[in-house]
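Dear colleague,

I am pleased to hand over the structure shown below. The notes that follow it set out what was found, and I would be grateful if you could read them alongside the model.

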Amino acid sequence: MRDSRDFREGADPVVRRAIDELRRLPSVEDHVVAKVVSAAATARVLPPADEPPAPVRERRWERIAIGGGIVAAAAIAGFLFRGTVRSPEPVTVAAATSITPASLSAERAVAPIVEQFIFKAPTARHVSVIGDFNRWDASTAPMSRSGDGELWSASIPIVPGRHVYAFMVDDSLLVLDPRAPKTRDPDLGADGSVRIVGRP
Amino acid sequence: MRMSCCAGLVAVSIAMRAVGAQDSLRFVGGDATTSREVQQIIEAAAAQGLPAGLILSKARFAVAVHTPGPKIVETAKSMATRLVVAQRAIAPHAQESDLAGAEAALSYDVPVEILRRISSASPKEPIAVPLGVLTQLVADRVPAKRAAEIVTDLLRRGATLTQIAELGNNVDADVKIGGYRALDAANMRYNGLGPHLAPLSAAAAANEPGLTSSSGPKKP
């Protein structure tokens with residue numbers, strides 16, 4: 001991969017700043033970049049040689065529209081990924097390294113595993129599962145009621161490790177999982193249900 | 001045109017990331033003073049490169065179980081301190097889940113030295129699961145030293161994360177459903193895994209004399 005310092009030489013200050021900012025963004029896998037580049041190349045349509053060039057004014061609007069589209073796409077992408085990218089933490093830009101079995105297994109070991117939670121609450125109006133895996137945010141994992149209306153269920157991707165959780169019933173009542181061991185939080189003295197998630 | 005597009009793209013991306021980061025780490029709960037103080041701790045932790053979301057998570061748990069404001073602040077401070085210790089103890093492991101596991105172990109008074117041993121027993125693999133099992137064994141009242149021996153031995157003998165997690169969950173079930181003593185259950189489950197694992201190498205055994213025990217600690 002060419003070093004971005006090559007592009008900096010003699011470049012406009014705005015471009016230099018843009019290069020610097022882009023270098024801080026998370027790394028993107030090479031094959032993804034290749035796919036995007038090849039898709040862009042395929043989609044690029046050149047005007048036939050005998051077709052007169054479009055008037056300057058029209059082209060300018062075309063460029064503004066394209067630029068606007070890119071900015072809008074970036075805004076949407078930024079919004080979609082806002083929960084997954086935390087800017088205060090340092091983002092390391094990975095060099096093009098070979099993928100070793102060890103790094104593959106390490107990657108696999110931190111990949112989330114879908115875990116199912118089941119809870120019996122026949123009279124509840126709504127139930128959520130909350131825990132350290134969703135930062136104790138009841139809005140992120142609402143449970144669905146089963147056909148007979150007695151059981152509630154949710155399947156949530158969770159990274160391997162030890163997790164403390166509970167069920168939030170009707171937005172007010174915190175209930176432990178009767179099927180799981182409970183653990184006392186040493187700081188708060190409060191109980192939570194605990195589940196150790198390994199690899200399937 | 002390309003320049004302005006590029007600059008616009010970068011500006012929007014940076015702005016959205018900043019907004020996202022602020023949003024995802026915002027703590028609202030308890031009274032205004034508690035919220036403000038906890039938020040300051042979260043931001044300070046984030047500025048140090050710590051996984052501040054873990055502090056946010058604990059603070060929200062505290063609110064969910066109706067913890068008084070000053071206790072929430074105190075807990076957030078303790079957690080930030082433990083995260084710093086955990087980060088140093090398990091380096092180069094730096095995944096959030098690894099740090100969460102190490103921090104939780106410290107909260108149960110597991111000595112830092114034990115975290116270092118587990119980290120060095122598995123230098124290239126994530127250690128969230130071994131640390132989680134260690135923490136749960138200690139939470140179930142298995143002495144930290146014996147819990148560490150079991151987990152480190154499993155790692156050195158090539159136990160899979162599934163096997164290690166299973167041991168933790170089985171001991172939990174033995175204690176909760178069977179009513180067994182956690183230490184006995186842990187030793188039994190550990191011995192049960194033994195035949196399925198590689199023997200501990202002589203060199204590793206010599207370095208870690210406590211790990212050669214296959215039948216648990218001797219009772220007086």
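**Findings: chains, core and pocket**

Of the 220 residues in chain B, 53% are buried. Please note that this is a predicted model.

To continue with chain B, its secondary structure consists of 11 helices and 0 strands. Read from the N terminus, the order of its elements is therefore α-α-α-α-α-α-α-α-α-α-α. Among the contacts in chain B with a separation of 6 or more, 66% join residues 24 or more positions apart. The accessible surface of chain B is about 10000 Å², and carbon and sulfur atoms account for 57% of that area.

Chain A is built from both kinds of element, with 5 helices and 8 strands. From the N terminus on, the sequence of elements in chain A is α-α-α-α-α-β-β-β-β-β-β-β-β. Chain A has 200 residues, of which 30% count as buried. Residues 24 or more positions apart supply 64% of the contacts in chain A with a separation of 6 or more.

Next, the nonpolar core. Which residues have the most contacts inside the largest nonpolar core? They are B:Leu115, B:Ile118, B:Val133, B:Leu134, B:Leu137, B:Leu154 and B:Leu167, in a core of 42 residues. The elements giving two or more residues to this core belong to chain B: α4 (69–90), α5 (96–107), α6 (112–121), α7 (128–139), α8 (144–156), α9 and α10 (182–193). The most is given by α8(B), with 7 residues.

Finally, the second largest pocket. Its volume is about 320 Å³. Residues of both chains line this pocket. From chain A these are A:Pro181, A:Lys182, A:Thr183, A:Arg184 and A:Asp191. From chain B they are B:Tyr108, B:Ala139, B:Asp140, B:Arg141, B:Asp172, B:Val175 and B:Lys176. Two elements give two or more residues to the lining, namely β7 (182–184) of chain A and α9 (161–178) of chain B. How many residues of each class are found in the lining of the second largest pocket? By class, there are 7 charged, 4 nonpolar and 1 polar.

With kind regards

Definitions and conventions
Residues numbered from 1 in each chain as written. Chains lettered and ligands numbered in written order. Predicted model: local features only at pLDDT ≥ 70, side-chain atom pairs only at ≥ 80, totals over all residues. Heavy atoms only, no water. 1 Å grid on protein atoms, 1.4 Å probe; cavity = no way out; pocket = protein on both sides within 12 Å on 5 of 7 lines; lining within 4 Å. Points joined across faces, edges and corners; volume = space filled by probe spheres on them. Helix = DSSP H or I, 4+ residues; strand = E, 2+ residues; numbered from the N terminus. Nonpolar A, V, L, I, M, F, W, Y, C, P; charged D, E, K, R; others polar. Buried < 20%, exposed > 50% of the residue type's maximum accessible area, 1.4 Å probe, protein only. Contact = heavy atoms within 4.5 Å. Areas by Shrake-Rupley, 256 points an atom, 1.4 Å probe, with all protein chains shown as cover. Core = buried A, V, L, I, M, F, W, Y, C linked by side-chain atoms within 4.5 Å.
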